[in-house]
Amino acid sequence: MHNMRSLTLDGTAQDKVFKMKLNDEEKAMLNGDFGKAKQWAIDHQIKVGDFFDAPDMVAVSQAHMMADPESIGEAGADFMESIANDGGHVVIPMITDPRGVDLNHYRPLGQTEEMANIERRFIAACEAIGIMMTNTCVNYQTIMPPLLGDHVAYGDTGVVIYSNSVCGARTNFEGGPSALAAGLTGRTPRYGLHLDQNRKATRRFQVTTQPAELTDWGVLGAVIGRMSGSYWEVPVIEGIESVPTSDEIKHFGAAMASYGSTPLFHIVGITPEASNLAAVGGTSLPVTKITDDDLAVLRSDFGAKGERPDVIVFAAPQLSIVEMGKVSSLVDGQKLKVPMIVCTSPQTYGDARRMGFVDKIENAGGVVLEGTCFYQQGAKEIGEANGWVRLLSNSTKIVNILGGYGYKPALASMKDCVAAAINGKII
């Protein structure tokens, strides 16, 4: 146990008792020598670290923060402004998850001016602190992906599972305040997936049917996530016969994280830490086979063939340039009978605009949103404003989430989603 006297954010002195080992710089932060913002940040990290029995801090190279207006509200905007007013400034590259409002498109969607104003305030405060408003949940496809063994502090579940599993980086799920604290201090508590022993496999799955397209990968990931069922379980998967594309494994991991809170998986012979089963400690684990029945049961939760959807949504994760190209080719020259929303990152949007993908989608009657993701946009309010209930998507993650927002979600392949938008019914 360690004890030292420090200043709280209101300027009063108090004794701090904590278990973590701090170096001299961290002690100075806690004492307020680097200002109130860093003092808040290190104090927050010590509390998190003590809760998880972290022995000390680990330096991180990047931070990524989730903080959409739906979740932060007025209080969150006030807090970020206080950090900026206290002179807070990030010391490592820090980026952001999708925003909740595309300020160029929010009124037609039914979003309110109040939501837009919270967004404007939050963005201004982030920029004052030095945060880069990248507004993406696919930063590993667009912005300086982390490398094997790289310690980072990431927030979005899809970002975390991809970065841990596919890149071999090391991060826990960091809540918004914890990611912000990491950006301000350049470190995070060393617990969870920053430790070697917690990255070993605890569940072993064998695939019996090969996934064929994005939604198949999402369904497989969802089944494994649901069977794993815990943040602390690490599944290792055998039987995948070909290396997935970046988009396929993106949907696989995003769904697994959504259904099981899973932050890390291994695929034998494919992901970097699993050159073989022994490398991730999985040889003695009992095998669970993923059957066609397992996949069919999950799909049955989201079946709606023959129905007319109210809206088609491509989001969660945001679309890559390859996915944007596929959607545009499927709608090229046709008119949509059902509203279709496509969410992509600002980085991809520029390329997609230059390549004509955005024009093809919008000329067909679709809407392309830049730097947002549908379920983080006040999806309930948007649905109510437009009378949307029956929602169709190819994202296994988003259909899992949106049932809680008043929608009746259905799941289909990208091709069938676009066909439903053109024909007015789910094929």
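Helices (H or I, at least four residues) and strands (E, at least two) are DSSP runs, numbered from the N terminus. The model is predicted, so local features need pLDDT of at least 70 and side-chain atom pairs count only at pLDDT 80 or more, while totals for chains, interfaces and linings use all residues. Residues are numbered from 1 along each chain as its sequence is written, and side-chain values use heavy atoms, with hydrogens and water left out.

**Helix α13**

- Helix α13 spans residues 346-354 and is followed by Gly 356, whose phi is positive, near 85°.
- Thr 348, Tyr 349 and Ala 352 of α13 are buried, where buried means under 20% relative accessible area, exposed means over 50%, and partly exposed lies in between (1.4 Å probe, protein chains only).
- These residues cover an arc of only 105° around the axis, so they sit on the same side of α13; the arc is that of the directions from the helix axis to the C-beta atoms.
- The buried residues of α13 pack against α6 (139-142), β12 (311-319), α12 (321-331), β13 (340-344), α14 (357-363) and β14 (367-370), with contact meaning heavy atoms within 4.5 Å.

**Helix α17**

- Helix α17 (residues 414-423) is largely enclosed by the rest of the structure, because 7 of its 10 residues are buried.
- Those buried residues are Met 414, Cys 417, Val 418, Ala 419, Ala 420, Ala 421 and Ile 422.
- Their cover includes α9 (214-228), β12, α12, β13 and β15 (390-393).
- Gly 424 follows α17 and has a positive phi, near 85°.

**Strand pairing**

- Strands of a sheet pair through backbone hydrogen bonds, either parallel or antiparallel.
- Two strands count as paired if DSSP finds at least two bridges between them.
- An open sheet of 3 strands has the order β5-β4-β6, with parallel pairing.
- β5 (94-96) and β6 (153-154) stand at the edges with a single partner strand each, so one side of each has no neighbour in the sheet.
- Strand β4 (residues 63-65) pairs with β6 in the parallel sense over 2 bridges, and His 64 stands opposite Tyr 154 in β6.
- Helix α8 (residues 176-185) lies across β4, β5 and β6 and runs at about 150° to β4; axes are lines fitted to C-alpha atoms, for helices over the stretch in contact, and angles run from 0 to 180 degrees between N-to-C directions.
- Elsewhere, β12 and β15 are parallel and joined by 2 bridges, with Ile 312 opposite Leu 392 in β15.
- β15 also runs parallel to strand β16 (residues 408-411), over 4 bridges, and Ser 393 has Leu 411 in β16 as its bridge partner.

**Nonpolar cores**

- A nonpolar core is a set of buried Ala, Val, Leu, Ile, Met, Phe, Trp, Tyr and Cys residues joined through side-chain atoms within 4.5 Å.
- The largest one has 54 residues, and those with the most contacts inside it are Ile 237, Phe 252, Phe 374 and Ile 398.
- Another core, of 29 residues, lies apart from the largest one and has Val 338, Met 340, Tyr 349 and Met 414 among its members.
- Not counting residues up to four places away in sequence, Phe 374 touches residues including Val 313, Cys 343, Trp 388, Ile 398 and Tyr 407.

**His 266**

- His 266 lies in strand β10 (residues 266-267) and is buried, with a relative accessible area of 1%.
- A polar atom of the His 266 side chain lies 2.8 Å from the backbone oxygen of Arg 199.
- Leaving aside neighbours within four places in sequence, the contacts of His 266 include Arg 199, Val 234, Ile 237, Thr 271 and Glu 273.

Terms used. Polar contact = N/O pair within 3.5 Å; in protein donor to acceptor, adjacent residues only side chain to side chain.
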